[in-house]
Amino acid sequence: MLRHYRAIAVLLTLIASARIISTYRQLSSTIDEPAHLAAGMELLESGRYTYETQHPPLARLVGALGLHFAGSRWQRHPDMYWEGWHLLGQHGRYWRNLFFARLAMLPFFWIEVAVVFLRAGKIGGAAALCTV
């Protein structure tokens with residue numbers, strides 16, 4: 001019985017992932033998204049984290065990995081917002097670069113889904129999984 005719930009959860013997660021990905025080219029970057037990406041790229045390419053240390057670096061680093069794989073490179077500009085816009089616009093591929101930066105963040109969603117599924121099963125048993 002639990003196998004069926006797992007299969008349904010995986011199927012729903014795949015559908016949700018496809019719907020999330022479908023928004024990547026529809027929604028432009030948020031006001032602070034370039035700055036977060038610049039901070040992550042600084043850490044990725046220089047090993048330093050100086051732009052702004054208010055936020056933990058993990059999510060920023062993961063987003064920067066997507067940008068890095070898309071071909072964007074850090075230019076070492078002192079302003080993190082300018083640097084972020086430059087990273088997204090490198091090679092005239094704004095939408096492509098933004099797509100890869102956001103795609104790199106998708107595993108966080110999958111981890112969240114797995115945690116909720118496992119905790120619901122542990123706390124409420126199969127009955128909790130039936131209400132999904």
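1. In this note, buried means under 20% relative accessible area, exposed means over 50%, and partly exposed lies in between, with a 1.4 Å probe and protein chains only. By that scale R76 is exposed, with a relative accessible area of 53%. R76 sits in the loop between α3 and α4 (80-89), where helices (H or I, at least four residues) and strands (E, at least two) are DSSP runs numbered from the N terminus. The phi of R76 is near 65°, a positive value in a residue other than glycine.

2. The model is predicted, so that local features need pLDDT of at least 70 and side-chain atom pairs count only at pLDDT 80 or more, whereas totals for chains, interfaces and linings use all residues. Residues are numbered from 1 along each chain as its sequence is written, and side-chain values use heavy atoms, with hydrogens and water left out.

3. H91 is exposed, its relative accessible area being 56%.

4. The structure holds three salt bridges, a salt bridge being a side-chain nitrogen of Lys or Arg within 4 Å of a carboxyl oxygen of Asp or Glu. One of them joins R102 to E33, with the closest N and O atoms 2.9 Å apart. Because R102 lies in helix α5 (residues 94-103) and E33 in helix α2 (residues 33-46), this pair ties together parts that are 69 residues apart in sequence. Both partners are covered: R102 is buried at a relative accessible area of 12%, and E33 is buried at 15%.

5. In another of the salt bridges, the side chains of R48 and E42 meet at 3.8 Å, N to O.

6. Helix α3 (residues 58-70) contains 13 residues and reaches 19 Å from its first C-alpha to its last, which is close to the 18 Å expected at 1.5 Å a residue; the expected span is 1.5 Å times one less than the number of residues. The buried residues in α3 are R60, V62, G63, A64, G66, L67 and A70. For reading such a list, an α-helix has 3.6 residues a turn, so residues three or four places apart point the same way. After α3 comes G71, with a positive phi near 105°.

7. In soluble globular proteins, nonpolar side chains tend to be buried together.

8. Leaving aside neighbours within four places in sequence, L88 is in contact with S29, P34, L37, L67, R93, Y94, N97 and L98, contact meaning heavy atoms within 4.5 Å. S29 itself lies in the loop between α1 and α2 and is buried, with a relative accessible area of 11%. With the same exclusion of sequence neighbours, S29 is in contact with P34, W85, L88, Y94, L98 and R102.

9. W95, in helix α5, is partly exposed, with a relative accessible area of 34%. Not counting residues up to four places away in sequence, W95 touches Y24, R25, Q26, L27 and S28. The C-alpha atoms of W95 and R25 are separated by 6.3 Å, although these residues are 70 residues apart along the chain.

10. On the surface, I8, L11, L12 and I15 form a nonpolar patch with about 360 Å² of accessible area together. Patches are made of residues with over 30% relative accessible area and no salt bridge, like charges being joined within 9 Å and nonpolar side chains (Val, Leu, Ile, Met, Phe, Trp, Tyr) within 5 Å, and accessible areas come from the Shrake-Rupley method with a 1.4 Å probe, where for residues only the protein chains shown count as cover. I8 belongs to helix α1 (residues 2-22) and is partly exposed at 47% relative accessibility.
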